[in-house]
Amino acid sequence: MTCKTTLTAMAVIAAFATPAFAQSTSTLDTVKERGRLICGSSQGTPGFGAPDDNGYWRGLDVETCRAVAVAVLDDKDAVDFVPLSGQQRIPALQTGEIDMLPRTLTWTLQRDANGINFTTPNYYEFTGFMMPKSLGITSVEDMAGASVCVQTGSTTEVVVNDVSTKNDLDLQPVVFDNTTAGRQAFFSGRCDALITDAGALASVRATMADNPDDYVIFPATPYMDALTPAVRHGDDQWLDIVTWSIQAMIAAEAFGLTSENIDDYLDSDDPRIRRFLGTDPGNGAALGLSDDFAYRIVKSVGNYAEVYDRNVGMDSPLKLERGYNALFNDGGLMFPLAFQ
Amino acid sequence: MQIALLGGLVLFVWWLAGNTHENLTERGIRTGFDYLWRPARFPISESILRYDASDSFFWAYVVGLANTLWLSFLSILFATLLGLVVGLSRRSAHPLLSRFAGTYVTVLRNVPLIVQLLFWYAIATSLFPVPREALNPLPGVFLSIRGVYAPALTLGPGASMLLIVAAILLVIAIVAGFKLSAGKRLSVKAASVGLSVCLWVAVVVGLSGMLGHPVGLEAPALKGLNFRGGMVLSPEFASIITGLTIYTSAFIGEIIRGGIDAVEKGQWEGGRALGLSERHIMFRIILPQALRIIVPPMTSQYLSTVKNTTLAVAVGYPELGLVVNTVINQTGQAIESILIMLAVFLSISLSVSAFMNWYNARVALVVR
């Protein structure tokens, strides 16, 4: 709450007020020396980042961290997760409390220009409204006068206003500092609608609704957002490592490599796959990693399709279609960059 | 020595500011206050000042501040009144009343405020039905989970003049009613005042007719998903004001009881010897003396109340803290925003403290 935010801000001030400390050593060296990767995570959005019944962190964003941990430390469990609220997350990254921030973070110009660097999108989605089916509303145009539960610390605050102005809806926002409080207020009937990323809405519906089928989710805007893990400004090598660790999972899917079959390709004749797997050296060394980093990521975490299906797709309670998150050749936006 | 200390402090602050600036620049983080004039673009769910998302960040701060002040003012006012009742009840000779007040104070002082706020919010959002099945206890008044909706005054042309004239006439009517029946019995007084108020109503209605009835009542009505029109008491505001008032009243009750107990027993005995009634002794002799003792601790209680309003974020009421949180997230300018919040709360607290000190000086015993 405020107290926490104030403390965070105080910590920001305190951290910035001390003489430059971590700038001389690179994030890669820091992580290697520590032997652990520290990742910012959500405070509990199953499917994207939340501890399971045994306290083991699972989710699409969580696996992004695991992939980086495999690339750098060769251990997908050498990660510490720091749950952060919407407002805490960016200062936490800027001050060096965490090494990377994969937390359903929308790539926006203001954030990019203001002290953090975005790597490569790991999830595309629209901002959505969730409403009870009983209200009979399935599109934004019919929402006139609806009250909307909004959580602060997200881009959706601006979206709810833009949508309301554009369609002359006079939406009545009820803004919550606390994610859980906002969601509970929605289910108690305080608001007609809940607005946030569609994936998070699916997660809320799957985990909090008495009967998930009673709720409908529809897009709030015609635009897509690119949810993108971010790193601190000013460490280009680390930016590259995180970017290419995520890319490794997408490229593996494009190549048809999975955690199951990857060993069969180690003697492949395809030069592109040989470079990808590090059979032909060069890629890993360029990043300051071992040459087989992509092989190890796919082997222990999986390709993008495996990660997607397991966390948010058809093998998970969220049951989200691949949609725009399919590969480019299946009509999606996921596009592997060249591993050479 | 003191000059050296002061110099050291200035150097230290200079060093901090320099480091901060250097580190921020190095990490490519924007600084400065020019963002204040850009459009805020985020919504504020309720405000006593007019706010539109196209207004600037600066105005958003002002709106948040106005909400904070309004909340502080109302909760201090209500808590003081309720606290007086609690404090007097605790001193009551009636065991049931004093025990009840004692329990009230003990329970409320020992449960954290945030828990109480969430409790009141849970009640506010589970007690009442959805808008379509809203309770309608009085014509035009609706109780639902979205809050309490009541008819609001609508003001047409000439309305402000009518209201001002009506207010002045009302004062004249009441004063005249008392003057005419001066020295008469209470029942005669009441009848006289009642008569002049009736006369006032007739005059005001006539005057309103001459202006074409500029003041009207607009009743809320269910349109689409929600009630529109009228005025509304939102569950967020209701729960924060209830929580703060009740919590603070327990502390104020104790301060008042303590103040009264601290007045010498001889004052009571003197009053009784003069044949004054208990109530007269309390309000004419004891309370004025107790005030001197009450004011200083009351000042710090009022300051805490102002600071406690920041807990309203927990139940979604947009006071300054919530607005600052949002601005930090939208702009990333955490340091500037927190500095503004520090400055604002410092000024509010210093003003409250200055006012209470002035009041304290007024009621303090004048020693010649």
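Student: How many salt bridges does the rule find across the interface of chain A and chain B?

Tutor: Keep in mind that this is a predicted model. One pair to look at is Asp162(A) and Arg41(B), whose side chains meet with N to O at 3.0 Å. That lies within the 4 Å cut-off for a salt bridge. Across the whole interface of chain A and chain B, the number found by the rule is three.

Student: Which element gives the most residues to the side of chain A that touches chain B?

Tutor: Let's start with the contact itself, which takes 55 residues from chain A and 47 residues from chain B. On the chain A side, the elements giving two or more residues are α1, α5, α6, β9 and α7 of chain A. With nine residues, the one that gives the most is α1(A).

Student: What share of the area buried between chain A and chain B comes from carbon and sulfur atoms?

Tutor: By class, the side of chain A that touches chain B has 26 nonpolar, 22 polar and seven charged residues. The area buried between the two chains is about 4,400 Å². Of that area, carbon and sulfur atoms give 54%.

Student: Why is one side of β9 and of β11 in chain A left without a neighbour in the sheet?

Tutor: Picture the open sheet of five strands in chain A, in the order β9-β8-β10-β7-β11 and with mixed pairing. β9 (172-176) and β11 (215-219) stand at its edges, so one side of each has no neighbour, and what each one has is a single partner strand.

Student: Which residue of β11(A) is the bridge partner of Pro132(A)?

Tutor: Strand β7 of chain A covers residues 127-132. Five bridges join β7(A) to β11(A), and the two run antiparallel. For Pro132(A), the partner in β11(A) is Tyr215(A).

Student: How many residues apart are Glu63(A) and Arg310(A)?

Tutor: These two form a salt bridge, with their closest N and O atoms 2.7 Å apart. Glu63(A) sits in helix α3 and Arg310(A) in helix α13 of chain A, so look for distant parts of the chain being linked.

Key:
Residues are numbered from 1 along each chain as its sequence is written. Chains are lettered from A and ligands numbered from 1 in the order in which they are written. This is a predicted model: local features need pLDDT of at least 70, side-chain atom pairs count only at pLDDT 80 or more; totals for chains, interfaces and linings use all residues. Side-chain values use heavy atoms; hydrogens and water are left out. Two strands pair if DSSP finds at least two bridges between them. Helices (H or I, at least four residues) and strands (E, at least two) are DSSP runs, numbered from the N terminus. Contact means heavy atoms within 4.5 Å. Buried area is the accessible area (1.4 Å probe) that two parts lose on being put together, summed over both. Ala, Val, Leu, Ile, Met, Phe, Trp, Tyr, Cys and Pro count as nonpolar, Asp, Glu, Lys and Arg as charged, and the others, Gly among them, as polar.
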